[in-house]
Amino acid sequence: MKEFEVPSAVRSARHVISSYDAPELEFPAEKRPMGSRRLIPIAAPETAAPTRLSWHDSPVPAPGPMHLRLLIGVDDCSSQHVVISNATTDQKYGAMEILYACPGQVFEHPLTTEQAAAALRDGLSLQLKEGPPLWIVASGPNAPEAILPQLYADGGAPSLEHFLSLFCSTASLQPCDWMETCVLDGLLDWADKGRPDARQAIRDHLRILLDPETGRREDYRSHPCDDQPAGPESSGPFAVLAMLEPEHPALRFADEGFKAGWHPAFDAVAHGILVTESNYNVAYPMMAMALHAGRPALRDRALRQLDATRRYLADDDDLYLRFHPDSKERTFRNWSRGVAWYFLGLVRTLALLPAPERPEALVAETDRMAAWVARHQLENGLWPCFLKETNVSPDSSGSAGIAAAIALGVQQCMVDPALLPNASRCLEGLTKCMTHDGWLRGVSQSNKWETHHMDIQRHPFRVIAPWGMGLFAQLNAALYRLESRRIL
């Protein structure tokens, strides 16, 4: 498999471990590493000895402070703290906070210049304060250099090329659900712009997740789900699959999911509750399969899905993530990522249709959403994790998704072009969240029930997650197209 070319400026600032020494622990029987990756355990003292990371030949560190980076291999539903110490002197360098981690997420801990130099010379010792073992990615299948344990000097300015060289690879692999939908769309946008590494990355991602012979899917809990129907939050990847491989046998999982999830109260896929995710992860793949994969009946179902979320989840000045038909309760008001799913799903789904075939009411809703989100944009170009709650920290992924929807809506003549500067301002703000080598910081954590839902969303804790990179890639690609048409 061909991996990406690492820019020299990035390589010189990155010190990947040469070896590691870890306890032999039994991997959880109910889980599986994403992408068949090899993993390193980190355990609490009562479970096993520390894990040691080593750098051979004492490399000369890049000047200035550095970050220890670790990438999570499987879902973790607990609050963890990794104590970082010098492996020779046992001097403690701090604790890395890892809360409710998802596969593919990167966590960082800063080290001073002196600590980094000592770590490269003596190695680092990692141990949890308490709790079940944490599993991080090691060298092996589908694990490019960028996601291995490393020390990195983040001293340079970010660049689009550094971002794309990282993103257009298996480094951006996500579980085969809404997370991977964001990534695949971003890759397809850049493949359509002629990047061969983006096209190759799509092939690699689809081969890993959906190959009819070797594909292995895991759900967001890292549980194997190879032959299970897709759900309302996990059908999205089949949109790109339908566009590129319309005869692919794995499309049956989406077909089965659409059938199993139909809810008579909504005349839409709901699985008990109606969610804004269904715009992006149900209506969008439905329309792609209708137009590209020989399932014409899904065309009207996709439009009905969009109409159901509009009727049940949208008000004039609020948007709710969920509607519970039994209690009639609507929850998660104006959550930025929920807004992104609703808005981006509208745009992506309608954009697949010729303009004359797009229902006027849904096109009007797209333009209304653009004007509504523009009123609540922050001065820094981002959106707070809950729109209208300016005391809550921004979410870079929700912001990128909202801005991508604006730019794509303008491109498709469904959004007022006067709002395009709002998307550009968001891009400028997101650039300040980028690392030199292309990771996007500032993403609010996955909305697991263990996180007490809105509590962690309103907390300033943020992560690095490839799904945020996917939305950032979509925004960049959309603005790139518009600039080439001299709209900007």
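Predicted model: local features only at pLDDT ≥ 70, side-chain atom pairs only at ≥ 80, totals over all residues.
Trainee: Does Glu 277 count as buried or exposed?

Mentor: The cut-off for buried is under 20% relative accessible area, whereas exposed means over 50%. Because the relative accessibility of Glu 277 is 6%, this residue counts as buried.

Trainee: How far apart in space are Glu 277 and Gln 377?

Mentor: In sequence these two residues, Glu 277 and Gln 377, are 100 residues apart. Taken from C-alpha to C-alpha, their separation in space is 21 Å.

Trainee: Which residues of the largest nonpolar core touch the most other members?

Mentor: In soluble globular proteins, nonpolar side chains tend to be buried together. The largest nonpolar core in this model holds 164 residues, and those that touch the most other members are Phe 343, Val 373 and Leu 475.

Trainee: With neighbours within four places in sequence left aside, which residues is Val 373 in contact with?

Mentor: Val 373 is one of the residues that touch the most other members of the largest core. Leaving aside neighbours within four places in sequence, its contacts are Val 339, Phe 343, Trp 383, Leu 387, Ile 402 and Ile 406.

Trainee: Which residues lie nearest the centre of the largest pocket?

Mentor: This pocket has a volume of about 700 Å³, and its lining divides into 15 nonpolar, seven polar and ten charged residues. Helix H4 (178-191), strand E15 (320-324) and helix H10 (336-351) each supply at least two residues of that lining. Of the 32 lining residues, those nearest the centre are Asp 177, Trp 178, Tyr 220, Glu 233 and Ser 234.

Trainee: Which residues are closest to the centre of the second largest pocket?

Mentor: About 230 Å³ of space lies in the second largest pocket, and H4, H10 and helix H12 (396-411) each supply at least two residues of its lining. Of the 14 residues in this lining, the closest to the centre are Asp 189, Arg 348, Ala 351, Leu 408 and Gln 412.

Definitions and conventions. Residues numbered from 1 in each chain as written. Heavy atoms only, no water. Buried < 20%, exposed > 50% of the residue type's maximum accessible area, 1.4 Å probe, protein only. Core = buried A, V, L, I, M, F, W, Y, C linked by side-chain atoms within 4.5 Å. Contact = heavy atoms within 4.5 Å. 1 Å grid on protein atoms, 1.4 Å probe; cavity = no way out; pocket = protein on both sides within 12 Å on 5 of 7 lines; lining within 4 Å. Points joined across faces, edges and corners; volume = space filled by probe spheres on them. Helix = DSSP H or I, 4+ residues; strand = E, 2+ residues; numbered from the N terminus. Nonpolar A, V, L, I, M, F, W, Y, C, P; charged D, E, K, R; others polar.
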